[in-house]
Amino acid sequence: MKKMIVAAIAALAITGAASSAKAQDISYYTGIGLGTLNTEYKAAGVDQTKTTLGGFVKFGADFNEYFAAELRLGLSGKNKKTIGGTERTFSSPFFVSYLAKGKYPVTSDIDVFMLAGATTARIKGTSAGLTQSKTKTGLSLGAGMDYKLDSNVSVGAEWTQYMFPVKLAAGSVFGTDAKARMWGATINTTYHF
């Protein structure tokens with residue numbers, strides 16, 4: 001996983017260096033995304049998936065009309081389930097995504113895009129008064145579209161797999177062969193500087 005993160009950072013650095021010659025073309029943006037975030041926890045004998053309200057704030061740089069880089073800070077809800085009289089709760093209350101964004105202008109007002117990068121999340125589990133947490137990083141991929149309302153504001157929608165299944169070490173809450181993943185669909189509003 002560390003190799004994947006290093007490769008993603010290197011790709012962003014190379015792109016940034018290549019774009020530095022045209023620094024005047026770089027523009028920045030910020031925005032929010034709200035929608036449904038799904039968390040899934042699987043282990044031996046446990047399969048727990050929940051859809052909750054979640055969202056993120058994003059900060060990005062448009063290097064040109066085809067490429068951007070983005071940082072997201074997000075929150076998701078709790079995945080609760082009672083099994084055999086015992087309530088189990090799993091959550092990723094806070095996550096950070098670092099993404100490369102490939103864009104294609106369909107019209108002067110509409111862009112479609114693909115996202116690729118990684119997400120780091122603190123995965124927390126509670127059961128029978130015990131708590132266990134682990135910070136994990138996983139591959140992120142997504143796709144969506146943006147519609148420009150004017151030169152500064154755009155709205156859009158996307159679907160992103162924030163974290164493909166990551167392994168969790170067995171412990172007081174995480175079971176044998178435990179894995180977690182996270183994905184979601186959001187509506188976004190962005191302000192372009």
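In which strand is Val 166 found? Select Val 166: the residue is found in strand β9. Strands here are DSSP runs of E with at least two residues, helices are runs of H or I with at least four residues, and both are numbered from the N terminus.

Before going further, note that this is a predicted model, in which local features need pLDDT of at least 70, side-chain atom pairs count only at pLDDT 80 or more, and totals for chains, interfaces and linings use all residues. Residues are numbered from 1 along each chain as its sequence is written, and side-chain values use heavy atoms, with hydrogens and water left out.

**Stop 1: Val 166**

Stay on Val 166, which is buried at a relative accessible area of 5%. Buried means under 20% relative accessible area, exposed means over 50%, and partly exposed is in between, with a 1.4 Å probe and protein chains only. Show the residues that Val 166 touches, not counting those up to four places away in sequence: Ile 123, Lys 136, Thr 137, Gly 138, Ala 178, Lys 179 and Ala 180. A contact is a case of heavy atoms within 4.5 Å. Draw a C-alpha to C-alpha distance from Val 166 to Thr 137: it reads 7.6 Å, for a pair 29 residues apart in sequence.

**Stop 2: the whole chain**

Zoom out and colour by secondary structure. The protein has one helix and 10 strands, in the sequence order α-β-β-β-β-β-β-β-β-β-β. Of its 193 residues, 41% count as buried. Among contacts with a separation of 6 or more, 61% are between residues 24 or more positions apart.

**Stop 3**

Select Asp 177, in the loop between β9 and β10. Is this residue buried or exposed? Asp 177 counts as exposed, at 65% relative accessibility. Its phi is near 60°, a positive value in a residue other than glycine. Most residues other than glycine have a negative phi.

**Stop 3: Tyr 41**

Move to Tyr 41 in strand β1, a buried residue with a relative accessible area of 2%. Leaving aside neighbours within four places in sequence, Tyr 41 has contacts that include Val 46, Asn 79, Phe 90, Leu 168, Phe 174 and Ala 178. Gly 175 is also in contact with Tyr 41, and the backbone nitrogen of Gly 175 lies 2.8 Å from a polar atom of the Tyr 41 side chain.

**Stop 4: the cavity**

Tyr 41 also belongs to the lining of the largest cavity, so select the rest of it too: Thr 39, Glu 40, Phe 90, Ser 91, Ser 92, Ile 123, Met 163, Ala 180, Arg 181 and Met 182. The elements that give two or more residues to this lining are β1, β5 (86-91) and β10. By class, the lining residues are six nonpolar, three polar and two charged. Ala, Val, Leu, Ile, Met, Phe, Trp, Tyr, Cys and Pro count as nonpolar, Asp, Glu, Lys and Arg as charged, and the others, Gly among them, as polar. The volume of the largest cavity is about 70 Å³. On a 1 Å grid over the protein atoms alone, a cavity is a set of points where a 1.4 Å probe fits but cannot get out; a pocket is an open set with protein on both sides within 12 Å along at least five of seven lines; lining residues have an atom within 4 Å of a point. A volume is the space filled by probe spheres set on the points, which are joined across faces, edges and corners.

**Stop 5: the largest pocket**

The largest pocket holds about 290 Å³ of space. Select Asp 62, Lys 103, Asp 111, Lys 148 and His 192, the closest to its centre of the 18 lining residues. Which element gives the most to the lining of the largest pocket? That element is β6, with three residues. The lining divides into four nonpolar, five polar and nine charged residues.

**Stop 6: Asn 188**

End in strand β10 at Asn 188, which is buried with a relative accessible area of 1%. Its side chain makes polar contacts with the side chains of Glu 158, at 3.0 Å, and Thr 186, at 3.2 Å. A polar contact is a pair of N or O atoms within 3.5 Å; within protein, one must be able to donate a hydrogen and the other to accept it, and residues adjacent in sequence count only if both atoms are side-chain atoms.
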